[in-house]
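Open the model in your viewer and keep the selection panel at hand. The tour has two stops.

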Amino acid sequence: MAAETQSWVLMATARAPTNIAVIKYWGKRDEALILPINDSISVTLDPDHLSATTTVAVSPSFKQDRMWLNGKEISLSGGRYQNCLREIRKRAGDVEDEKKGIRIKKEDWEKMHLHIASYNNFPTAAGLASSAAGFACLVFTLAKLMNVKEEHGDLSAIARQGSGSACRSMYGGFVKWTMGNDADGSDSIAVQLASNTHWDDLVIIIAVVSSKQKETSSTTGMRESVETSPLLEYRAKTVVPNRVLQMEEAIKSRDFASLARLTCADSNQFHAVCLDTSPPIFYMNDTSHRIISLVERWNRSEGSLQVAYTFDAGPNAVLIAPNRKVAGLLLQRLLFQFPPPPESELASYILGDKSILHEAGLQSRKDVEDLPPPVEIKDKVPSQKFPGDVSYFICTRLGSGPRLLTDENQALISPETGCPK
Ligand code: ADE
């Protein structure tokens, strides 16, 4: 296996982004391989604001595979982790680190144990697709450490077996997950439609909505929809194939009105499928509905689509604005209706790219309190405010795909102990 001493530790560290679907994935045709019943399209979010960072270490001194997530040891015995580890080990290549005097032959990887540490730079429990970033990062980092030669597309089919939407986090910008036809899932892979620089004016604002309700997991929800919703079959066979073509065209030509129309319609149909499921599933709450009304009212009063909204399997709103100016106007409207609760400062209520606050002309809580009602609600319903109903906002943009972090200081595992720092 290598080296004279048995005390070495070899590591790789990488960071991978999360993503949000604008054409939704809902429903599997194969539960074990995680094969979907329709194509989906997503935007990859800026890893500076929403990403997973993972270090994978190998050493002859490790006695078993172990993993720590956000500092806490977790079990790797679940099928999803085991699938990813098995598929990457199968494809491992020879690895040599001349400086450290380490050589690992490809056949040795099956016998060697790994220590994995991962950290999400956003709250794991906030319902922001942390498993998409997490499994994309795990597969990417394992592949780098083990010198796997497969292309990103093939790696995406492995990430898919950890968490379906993780395959889309293997690329930056706009990404399509093609459902594929093969029984073994080898053609159910992600492809990049356009990089993040293709349409870099877009601004994304996420409203992390306070929720005490225990949500139905996506896995359970999807299964129940496949079993009981007639609308889901119609959606997958008839609606999505056309929408995917239209969305690809909208992305190619940077047609914001079409992107917004398709994004909102697809989110609404996904939630209609949830209601069409027996028993019905409610992912959105009153706050989610108020955000939809805010956007719809504004779009209608302008006579053109200013902003798009989309909601995954939870109450958080993901809002897409065509540029920083419109994002500033959106933030004014959101903060007017959902001001920071009394104890929180404006700076800690807006995470990510805080410069959107300047775009909105807002520097303090006082500026938010002084905001006039938006023109479209003046003189109509008395403007209600809901402090505390949004936990915080994250302002972000499109981002790039996974990348290796070569600075050893960024490793999450100590080379001395082989355990998290
Ligand atoms: N699930 C949620 N976050 C994760 C991460 N960073 N790595 C692996 N699985 C995860």
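What follows goes from the ligand shell to one residue in a helix.

This is a predicted model, in which local features need pLDDT of at least 70, side-chain atom pairs count only at pLDDT 80 or more, and totals for chains, interfaces and linings use all residues. Residues are numbered from 1 along each chain as its sequence is written, and side-chain values use heavy atoms, with hydrogens and water left out.

**Stop 1: the ligand**

Now display distances to ligand nitrogen. A polar side-chain atom of Ser118 lies 2.7 Å from a nitrogen atom of the ligand. For the side chain of Asn120, an N or O atom is 2.8 Å from a ligand nitrogen. For a polar side-chain atom of Tyr81, the distance to a ligand nitrogen is 2.9 Å. The ligand alone exposes 260 Å², and the protein buries 93% of that (Shrake-Rupley method, 1.4 Å probe).

Color by element next (DSSP runs; helices H or I, at least four residues; strands E, at least two; numbered from the N terminus).

**Stop 2: Gln337**

Jump to helix H8 (residues 324-337) and select Gln337. Is Gln337 buried or exposed? Gln337 counts as buried because its relative accessibility is 11% (buried is under 20%, exposed over 50%, partly exposed in between; 1.4 Å probe, protein chains only). Show its contacts (heavy atoms within 4.5 Å). Leaving out residues up to four places away in sequence, Gln337 touches Arg290, Leu294, Gln384, Lys385 and Phe386.

Terms used. Polar contact = N/O pair within 3.5 Å; in protein donor to acceptor, adjacent residues only side chain to side chain.
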